[in-house]
Amino acid sequence: MHAEGATAADLPGSTRPLNDHPLFQHPAALLPGYADHQGPAAGDFPTAERVHGSTIKLPVWHRGTDLHLADAYTAALTKVAHHHEDLLT
């Protein structure tokens, strides 16, 4: 996707399973009463991790002037999907 110009697709760290969010890993920053709380470990929520690992995040376009961006991302995603086997080898 990035090679096709869709550089805002799935920015690293912009999405994650909720249990991996800093608030749940280090809650004391916002909730001092949880200073001794241990956040969930990797693997505690395998379904959330599996869904995250197979999801592509796309930007949200909300203006009519953004239609060209939505079309460009659709074209990039279509191209990648059509050539996925070539990309895996």
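Does D66 count as buried or exposed, and at what relative accessibility? D66 counts as buried because its relative accessibility is 7%, where buried means under 20% relative accessible area, exposed means over 50% and partly exposed lies in between (1.4 Å probe, protein chains only).

## Basis of the model

This is a predicted model, in which local features need pLDDT of at least 70 and side-chain atom pairs count only at pLDDT 80 or more, while totals for chains, interfaces and linings use all residues. Residues are numbered from 1 along each chain as its sequence is written, and side-chain values use heavy atoms, with hydrogens and water left out.

## Overall fold

The protein chain has four helices and zero strands. Helices (H or I, at least four residues) and strands (E, at least two) are DSSP runs, numbered from the N terminus. In sequence order the pattern is α-α-α-α. The protein chain is more spread out than a compact globule, because its radius of gyration is 18 Å, well over the 12 Å that the globule rule gives for 89 residues. That radius is taken over C-alpha atoms, and the rule is 2.2 Å times the number of residues to the power 0.38.

The C-alpha trace spans about 50 × 35 × 20 Å along its principal axes. Of the 89 residues, 11% count as buried. Contact here means heavy atoms within 4.5 Å. Among contacts between residues at least 6 apart in sequence, 53% join residues at least 24 apart.

## Surface and charge

The protein chain exposes about 6,900 Å², and carbon and sulfur atoms supply 62% of this area. Accessible areas come from the Shrake-Rupley method with a 1.4 Å probe; for residues, only the protein chains shown count as cover.

The chain carries 5 positive and 10 negative charges, whose mean positions are 6 Å apart. Lys and Arg count as positive and Asp and Glu as negative, with His and the chain ends not counted. Each charge is placed at NZ of Lys, CZ of Arg, CG of Asp or CD of Glu.

## The loop residue D66

D66 sits in the loop between α2 (46-53) and α3 (67-82). Its side chain reaches the backbone nitrogen of H62 at 3.4 Å. A polar contact is a pair of N or O atoms within 3.5 Å; within protein, one must be able to donate a hydrogen and the other to accept it, and residues adjacent in sequence count only if both atoms are side-chain atoms.

## The segment before α1

E4 lies in the segment before α1 and counts as partly exposed at 38% relative accessibility. Not counting residues up to four places away in sequence, E4 touches A76, K79 and V80. The side chains of E4 and K79 make a polar contact (3.2 Å). E4 and L69 are 65 residues apart in sequence, and their C-alpha atoms are 12 Å apart.

T7 is also in the segment before α1. Leaving aside neighbours within four places in sequence, T7 is in contact with H2 and Y73. D10 is placed in the segment before α1 (22-25) and is partly exposed, at 31% relative accessibility. With residues up to four places away not counted, D10 touches T15, T55 and K57. N19, in the segment before α1, counts as buried at 11% relative accessibility.
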